[in-house]
Amino acid sequence: MAYSAPPHKPGYPKQATGHRKSQPARPVYTYNADVAKQTRGKQVQPIVYDYDRMIAQENQQKNSIDVPTFTNNAQPAAPAADSTPPAGAQAQRKNASAHNRPRPVSENVFEIPLREPQRPHAELYDQQARKKTGPERQQRREKTTAKEKKKPGGNKRPAAPGQARRRRVRRAIAAGVLAAVLLTAGIFISAVVLFKIKTVTIESTGEALMYENNQILAVFGHPVGENLFGFSTREAQKNIEQALPYLEQVRIKRRLPDEIILSASPAVESYAVASESAGWAVLSAYGKVLRVAEEPPQGVVRIDGAQAKEPQPGQPVSFTEADKLEAIQLIFDTAAKQGLGPIGQIDLSNMMEISVLYQDRIRIILGTVNDMQYKIEWAWRLVTPEQTENSLGAEERGTLDVSSRGNDGLGRARWRAGVL
């Protein structure tokens with residue numbers, strides 16, 4: 001019967017009981033700033049130059065005196081008879097005798113030992129030597145002072161910021177005063193001597209004016225010979241427009257050296273509105289009162305439902321109700337841009353149902369002043385033949401209501417034939 005031993009249990013590194021291999025120690029890095037850093041390579045010592053020591057050595061070498069050596073030509077004394085020098089001593093004595101041989105010169109000779117050749121050195125920089133002192137410095141100062149005196153303002157010191165600003169302010173004030181004096185003198189000279197009126201030209205920008213030139217010149221009030229700049233053009237224009245109502249817009253220009261050009265446009269009777277006191281105020285296209293009449297003239301737009309407040313010829317019209325004047329201006333401006341006309345009458349009796357009379361045959365109801373541009377454009381398409389399928393004919397008479405819109409935002413028109 002065979003005997004078998006039990007298998008050995010495997011041993012793992014953690015369970016091993018034998019000697020374990022030691023691990024290498026990890027390097028420790030320190031970041032201490034106090035530890036000096038080791039430099040690679042050979043340490044280079046700094047070179048320190050001691051200029052004072054070098055100068056002292058140089059002076060010592062210059063002032064030193066070489067002491068000459070005296071050579072004696074006498075023969076050396078003979079040694080004693082009973083003394084026997086050794087072999088080495090004999091060799092030294094032989095060399096000394098050869099060195100001290102008598103020279104051919106009978107007198108004494110001074111021997112000057114040779115020096116080793118010195119290397120050339122760079123010139124030492126003496127900072128104090130470059131400074132000029134004494135008469136040279138005084139001469140240099142005198143030259144600099146003479147140059148500064150030659151320059152304009154050379155001796156002046158730079159001004160402080162506050163002082164420079166005050167100087168600029170004083171100069172600006174002085175310049176302003178001088179400019180005012182010169183301007184006043186120029187105006188006085190031109191008023192007395194130069195620029196006198198010699199010609200007054202009257203021009204019309206439209207049709208013929210209703211006034212004669214003599215009437216206009218009399219209202220102008222600045223005859224020939226007066227100074228060209230001796231009056232205000234704005235005041236002169238206003239005086240002429242008020243005194244001569246049928247001159248709509250007056251412009252006065254100066255043409256150097258001695259001419260006045262006066263241009264004016266004629267005022268045209270365009271509207272008639274009942275006066276608050278009595279009669280009718282006749283207005284121009286720009287709302288200027290031209291005259292006051294008992295009955296409204298023919299060919300003008302009659303404004304019903306409004307009253308002029310104390311109309312004065314030559315003055316702008318003012319209504320007792322200011323909103324009605326604004327409504328009139330809005331209607332006429334919009335109709336002129338659209339080309340809707342002629343309009344013979346405007347009824348402002350009810351501001352909720354404003355109406356106009358077109359060509360004395362169609363009354364157009366506009367309603368309120370809101371959305372006036374769309375209403376007048378819609379009315380123009382309907383009263384102008386062949387603009388739309390529903391446009392009215394050239395001979396149609398009646399009432400056209402364009403004051404409302406539908407739910408879709410489009411205008412709704414209602415036509416009643418034969419009723420004005």
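# Reading a predicted fold, feature by feature

Guide: Let's start with the surface: the protein exposes about 33,300 Å², with carbon and sulfur atoms supplying 52% of it. Accessible areas here come from the Shrake-Rupley method with a 1.4 Å probe, and for residues only the protein chains shown count as cover. This is a predicted model, where local features need pLDDT of at least 70, side-chain atom pairs count only at pLDDT 80 or more, and totals for chains, interfaces and linings use all residues. Residues are numbered from 1 along each chain as its sequence is written, and side-chain values use heavy atoms, with hydrogens and water left out.

Visitor: How many helices and strands does the protein have?

Guide: Helices (H or I, at least four residues) and strands (E, at least two) are DSSP runs, numbered from the N terminus. The protein has eight helices and 14 strands.

Visitor: And what share of the 420 residues is buried?

Guide: Buried means under 20% relative accessible area, exposed means over 50%, and partly exposed is in between (1.4 Å probe, protein chains only). Buried residues come to 23% of the 420. As for contacts (heavy atoms within 4.5 Å), take those with a separation of 6 or more: residues 24 or more positions apart account for 51% of them.

Visitor: Which residues gather in the patch of positive charge on the surface?

Guide: Patches are built from residues with over 30% relative accessible area and no salt bridge; like charges are joined within 9 Å, and nonpolar side chains (Val, Leu, Ile, Met, Phe, Trp, Tyr) within 5 Å. Lys and Arg count as positive and Asp and Glu as negative, while His and the chain ends are not counted. A charge is placed at NZ of Lys, CZ of Arg, CG of Asp or CD of Glu. Here the positive patch brings together Arg165, Arg166, Arg167, Arg168, Arg170 and Arg171. Look at arginine 167 in helix α4 (residues 161–192): its relative accessibility is 35%, so it counts as partly exposed.

Visitor: What about a nonpolar patch: which residues form it?

Guide: Val169, Ile173, Val177 and Val181 do, with about 350 Å² of accessible area together. Isoleucine 173 sits in helix α4, and it counts as exposed because its relative accessibility is 53%.

Visitor: How many salt bridges are there?

Guide: The rule asks for a side-chain nitrogen of Lys or Arg within 4 Å of a carboxyl oxygen of Asp or Glu. By that rule the count is nine. One of them pairs arginine 405 with aspartate 371, with the closest N and O atoms 2.3 Å apart. Arginine 405 is in strand β13 and aspartate 371 in the loop between β12 (362–367) and α8, so the pair ties together parts that are 34 residues apart in sequence. Both partners are partly exposed: arginine 405 has a relative accessible area of 40%, and aspartate 371 has 39%.

Visitor: Where do glutamate 377 and arginine 381 lie?

Guide: Both are in helix α8, four residues apart, about one turn of the helix. Another salt bridge joins arginine 412 to aspartate 408, where the closest N and O atoms are 3.1 Å apart.

Visitor: Now the backbone. Which peptide bonds are cis?

Guide: The general idea is that most residues other than glycine have a negative phi, and most peptide bonds are trans. In this model, the bond from leucine 256 to proline 257 is cis, with omega near 10°. Proline 257 lies in the loop between β4 (247–255) and β5 (259–266). A cis bond also joins glycine 341 and proline 342, with omega about 0°; proline 342 is in the loop between α7 (322–338) and β10 (343–347).

Visitor: And what is the phi of glutamine 359?

Guide: Near 55°, a positive value in a residue other than glycine. Glutamine 359 is found in the loop between β11 (354–358) and β12. Glutamate 386 also has a positive phi, near 65°, and it lies in the loop between α8 and β13.

Visitor: Is glutamate 386 buried or exposed?

Guide: Exposed, with a relative accessible area of 79%. Threonine 384 is in the loop between α8 (372–383) and β13 (398–405), and at 17% relative accessibility it counts as buried. Leaving out residues up to four places away in sequence, threonine 384 touches Ser391 and Leu392.
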